[in-house]
Amino acid sequence: MMRIQILGAGCHRCRKLAANIEIATKELGLECTIEKVTNIQKIMEYGVIMTPVLVVDGVVKIVGKVPDIDEVKRLLSSI
Amino acid sequence: MRNELKKILIIAVVFLAVYFLPIGESPAGIRFRNGLFEAFALLNEYARKHVLLCLVPAFFIAGGISVFLSQASVIRYFGAKANRWLSYSIASVSGTILAVCSCTILPLFAGIYSRGAGIGPATAFLYSGPAINVLAIILTARVLGMELGIARAIGAISFGITIGLTMSIIFRDNQHQDNQADSFNSEDLQKPSRPLWQEIVFFGSMVGILVFANLSKPSSDNSFWMMIFNFKWFITLACLILLAYTIAFWFKKGELTTWVKSTWEFVWLIMPMLFFGILIAGFLMGRPDHEAVIPSSWVVGLVGGNSIWSNLFASVVGAFMYFATLTEVPILQGLIGAGMGKGPALALLLAGPALSLPNMLVIRQVIGVKKTVVFITLVISLSTIAGLIYGAFF
């Protein structure tokens with residue numbers, strides 16, 4: 001099962017990323033867990049300095065930008 | 001059950017508020033009516049004067065910056081092994097291209113602090129970032145006047161460095177010397193795909209459009225400036241043609257799409273908040289010379305003139321209050337119109353966007369209570385001083 005994490009301290013763009021990912025995974029019918037990481041210290045442990053961040057199975061995939069739903073789908077189905 | 005209780009409570013509050021709305025010819029009723037009128041008058045003024053010529057180009061510039069300028073090349077200077085002085089200087093000016101929303105500011109701050117150049121550059125960035133992002137500077141200069149726009153930028157940069165240095169002197173012992181991480185995980189940030197001079201022409205032409213389209217009539221009559229003013233639409237057109245040329249010949253199609261997308265993202269992020277910010281500012285403070293809900297005498301009493309108290313008051317209020325991106329501008333416009341002094345206005349502009357209660361809580365998570373308190377104290381006192389100095393001269 002795929003493990004998706006969204007890192008971001010609750011800003012507008014982070015919520016947008018989370019929403020896009022929820023829609024994309026539903027449309028793909030992907031089995032996954034989605035977790036939101038909002039504690040900034042935990043976010044820092046991933047070695048990123050811009051949010052929002054998309055982490056799939058512990059690997060940082062996207063830093064500091066909000067991909068649209070199609071982009072998320074492409075990314076998730078290529079993993 | 002609790003949820004239902006909450007709903008009932010909300011309905012009750014709304015009902016009471018509506019029930020006691022001051023409608024009619026009483027003084028409170030007139031004040032309320034003026035407030036509503038002023039709210040839409042201010043909105044109208046922004047729509048007519050500031051949106052097409054100022055905000056639209058500014059959004060394109062901000063979008064371009066976030067897509068085309070390599071942020072990785074700036075972030076390099078925040079690493080643990082970077083030259084100290086360079087870190088401070090870059091930290092205090094890089095807000096121009098890095099910071100537009102708190103999404104970027106807080107993580108960058110935390111990153112610089114815990115894995116990079118340490119507390120000094122981190123706090124310098126945190127203080128200056130929100131005040132000198134392109135959108136904020138452009139709108140401040142346009143709406144509140146060139147002087148205040150420039151004072152805001154200079155104040156943010158110089159006091160940012162001062163605060164950073166002071167923090168690093170006070171907390172010298174706690175500095176992170178054991179950092180091995182000298183670079184950040186920023187592989188996702190793309191490499192520039194064209195020479196620097198092309199970037200300069202591209203951004204220069206956009207800045208040119210912005211500057212010349214908004215050029216106001218110079219006060220003296222005979223000068224060189226008057227000549228430029230007379231030709232301003234020709235110059236604007238020339239910049240536009242130059243921009244069209246750069247877009248047509250130097251950029252790939254995919255890049256243009258991401259540029260438009262990111263511009264759109266900024267618009268969508270900022271416009272709704274600005275819309276309500278303008279309505280609220282108009283409702284409470286009105287336009288210059290038009291009183292709205294809050295009596296001007298209160299504003300004059302609290303933040304009029306240029307005393308230490310009015311500057312301090314403006315800084316403290318600014319530090320704790322939350323301003324959504326850019327909304328500080330209409331609020332300040334309303335306050336200045338109602339009699340706020342120029343010094344306190346600058347104090348509020350400096351302390352305001354840099355700090356707010358919610359972001360203090362995040363900062364505390366990163367650097368702890370003691371450092372946060374020192375940082376807030378420094379921000380408030382230096383903003384007060386900046387206001388005093390500015391108010392004394394202008």
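Here is a walk through this structure, from the sheet in chain A to the helices and domains of chain B.

First, some housekeeping: this is a predicted model, where local features need pLDDT of at least 70, side-chain atom pairs count only at pLDDT 80 or more, and totals for chains, interfaces and linings use all residues. Residues are numbered from 1 along each chain as its sequence is written, while chains are lettered from A and ligands numbered from 1 in the order in which they are written.

Let's start with chain A, where 4 strands make an open sheet in the order S2-S1-S3-S4, with mixed pairing. Strands here are DSSP runs of E with at least two residues, helices are runs of H or I with at least four residues, and both are numbered from the N terminus. Two strands pair if DSSP finds at least two bridges between them. In general, strands of a sheet pair through backbone hydrogen bonds, either parallel or antiparallel. Strand S2 (32-37) and strand S4 (59-63) of chain A sit at the edges with a single partner strand each, so one side of each has no neighbour in the sheet. From one strand to the next, the twist averages 20° (angles run from 0 to 180 degrees between N-to-C directions, and axes are lines fitted to C-alpha atoms, for helices over the stretch in contact).

Now zoom in on one pair: strand S3 (residues 53-56) of chain A and S4(A) run antiparallel over 4 bridges. Val56(A) has Val59(A) of S4(A) as its bridge partner, and Val55(A) stands opposite Val60(A) in S4(A). The hairpin of S3(A) and S4(A) has 2 residues between the strands, and Asp57(A) takes a positive phi near 50° there.

Over in chain B, look for helix H7 (residues 119-132) and helix H9 (residues 146-170), whose axes come within 7 Å and cross at roughly 160°. H7(B) and H9(B) are therefore roughly antiparallel to each other (the label for angles over 145 degrees; under 35 counts as roughly parallel, 65 to 115 as roughly perpendicular and the rest as oblique). Residues making the contact include Ala124(B) and Tyr127(B) of H7(B), and Ala156(B) and Gly160(B) of H9(B); being in contact means that the C-beta atoms, placed from the backbone, lie within 7 Å. The residues of this H7(B) and H9(B) contact divide into 14 nonpolar, 6 polar and 1 charged.

Stepping back, chain B is divided into domain 1 (50-193 + 252-393) and domain 2 (194-251), with bounds from an automatic or database domain assignment. The C-alpha centres of the two domains of chain B lie 27 Å apart. Their contact takes 15 residues from domain 1 of chain B and 11 residues from domain 2 of chain B. On the domain 1 side, H2(B) gives the most, with 8 residues.

Finally, how do the chains meet? The contact takes 21 residues from chain B and 21 residues from chain A. On the side of chain B that touches chain A, H6(B) gives the most, with 10 residues. The residues of that side of chain B divide into 11 nonpolar, 7 polar and 3 charged.

Technical notes. Contact = placed C-beta atoms within 7 Å. Nonpolar A, V, L, I, M, F, W, Y, C, P; charged D, E, K, R; others polar.
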